[in-house]
Each structure stands twice: as structure tokens, then as C-alpha cells.
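Please read the points below with the sequence and the model open side by side.

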Amino acid sequence: MINKKIEINYEVYTSIEELSPADQELARAAIAAQRTSYAPYSRFNVGAAVRLADGTIVPGSNQENAASPSGLCAERTAMFAAGAQHPGVPMVSLAVVGGPNQQMCHYPATPCGACRQVMAEYQKLGKQPMSVILLGEREIWKYARVDDILPFTFTSLD
Ligand code: THU
């Protein structure tokens, strides 16, 4: 038996203004999208925004349902909208913000496993890294590629 270790790198920023202009724009689109969240059951509002390789930004927010499994997270709402409206255009970056009652958590609310899996698929489809930017009030975490937030990804190769 041998022990193995993997290393995960991510960048920590303390304000939106520290991000690149393109990432700031995407972050603000995610914050704006949070306002469109429909979350009467959890009251946890999440906004997301995907940047495509051609510069287009596609927003999304969590959409809940009385039949609870029928709802969808903000990240997948945004990615599926991008996939449906701009087929074949790679997704290069995804920003996410979440918090109770339209607020922003102090530290980033991190995406669920199902959303990470969907990110991995679109990253693979786009044949280029998709960065992930998670926004918190005190810290912003940026992952250069989906692999850094979902190691050991299940892919069609498996
Ligand atoms: N949610 C998201 O939209 N994204 C995440 O990454 C985690 C959770 C939503 C799902 C549900 O509407 C609410 O937050 C509470 O779980």
C-alpha cells in the first residue's frame, strides 16, 4: 500500500475590485442574478453567471419547487441555459454567489457535487479550462479549472 496526496490550488481575493476586469464583470452578473432567485422554501438565494469563449455572459439563479427535487441550483440553471442557447461555444468561467435572504455569505457558499459534475462535463466539451469564482463577503475564491474543485471527476472516458 502507498499513500498518495493531491494538491489543490486556488486564489483568495478580499474584494471584487482585486479581480481582473472580466472577472469583475462576471462576478457582478452573478450578484445581479441572485436577485432573480426563486427560493421560497430554503430562502437561500444563489446567483451564477457563465462567461462563454465569445464573451457572452449567461446568468442563472436557483429555482425551487414545492415538489423539492424538481428545483435546480443556480450553477446548473446558468450552464444549462448557456448550453441550450449557445451550443458549441465553450464555457470559460463561472461565478457564483449565495446567501440567506438575498445576502452574501461571509465565506463562499461552495457548489454542490451535482453542479461540479456538470461543470466538469462542459469544461471537457469546451476543450479548455473553465475557471470557477466563488464570491463571499470577506473572501473570494478562484479555481483556475474545474479539476481543482472536483478532482477524480467521472467522465465519459470512465
Ligand atoms: N443551491 C444552489 O443554487 N447552488 C449551490 O451550489 C448550493 C445550493 C441552492 C439549492 C436550493 O435552492 C438552495 O440553494 C438551498 O439548498
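1. Conventions. Buried stands for under 20% relative accessible area and exposed for over 50%, with partly exposed in between, using a 1.4 Å probe and protein chains only. Ala-22 has 35% relative accessibility, so the residue counts as partly exposed. This is a predicted model, in which local features need pLDDT of at least 70 and side-chain atom pairs count only at pLDDT 80 or more, while totals for chains, interfaces and linings use all residues. Residues are numbered from 1 along each chain as its sequence is written, and side-chain values use heavy atoms, with hydrogens and water left out.

2. Overall dimensions. The radius of gyration is taken over C-alpha atoms, and the globule rule is 2.2 Å times the number of residues to the power 0.38. For 158 residues a compact globule would have a value near 15 Å, and the chain agrees at 15 Å. The C-alpha trace spans about 50 × 40 × 35 Å along its principal axes. Of the 158 residues in the chain, 44% are buried. Contact is defined as heavy atoms within 4.5 Å. Taking contacts between residues at least 6 apart in sequence, 66% join residues at least 24 apart.

3. Secondary structure. Helices (H or I, at least four residues) and strands (E, at least two) are DSSP runs, numbered from the N terminus. The chain has three helices and six strands. Their pattern along the sequence is β-α-β-β-α-β-α-β-β.

4. The sheet. Two strands are said to pair if DSSP finds at least two bridges between them. The six strands form an open sheet of mixed pairing, ordered E1-E6-E5-E4-E2-E3. At the edges are strand E1 (11–13) and strand E3 (57–61), each of which pairs on one side only. Neighbouring strands of this sheet are turned against each other by 15° on average, direction ignored. Axes here are lines fitted to C-alpha atoms, for helices over the stretch in contact, and angles run from 0 to 180 degrees between N-to-C directions.

5. E1 and strand E6 (residues 140–143) run antiparallel and are joined by three bridges; the bridge partner of Tyr-13 in E6 is Ile-140. E2 and E3 also pair in the antiparallel sense, over five bridges, and Val-50 has Val-58 as its bridge partner in E3. The hairpin of E2 and E3 has four residues between the strands, and Gly-55 takes a positive phi near 95° there.

6. Helix H1 on the sheet. Helix H1 (residues 21–34) lies across strand E2 (44–52), E3, strand E4 (91–100), strand E5 (131–135) and E6, and runs at about 145° to E2. Ala-22 is found in this helix. From Ala-22 to Asn-9 the separation is 13 residues in sequence and 21 Å in space, C-alpha to C-alpha.

7. Salt bridges. The criterion is a side-chain nitrogen of Lys or Arg within 4 Å of a carboxyl oxygen of Asp or Glu. A search of the whole structure finds three.

- Arg-28 and Glu-17 meet at 3.2 Å, N to O. Arg-28 is in helix H1 and Glu-17 in the loop between E1 and H1, eleven residues apart. Arg-28 is partly exposed at 41% relative accessible area, whereas Glu-17 is exposed at 54%.
- Asp-23 and Lys-142 meet at 2.6 Å, N to O. Asp-23 lies in helix H1 and Lys-142 in strand E6, so the pair ties together parts 119 residues apart in sequence. Both Asp-23 and Lys-142 are buried.
- Arg-51 and Glu-25 have their closest N and O atoms 2.9 Å apart. Arg-51 is in strand E2 and Glu-25 in helix H1, 26 residues apart. Arg-51 is buried at 12% relative accessibility, and Glu-25 is partly exposed at 46%.

8. Asp-148 lies in the segment after E6. Asp-148 is buried yet has no salt bridge, and the nearest side chain of opposite charge, Arg-145, is 4.0 Å away. For charge, Lys and Arg count as positive and Asp and Glu as negative, while His and the chain ends are not counted. Leaving aside neighbours within four places in sequence, Asp-148 is in contact with Ile-8, Asn-9 and Tyr-143.
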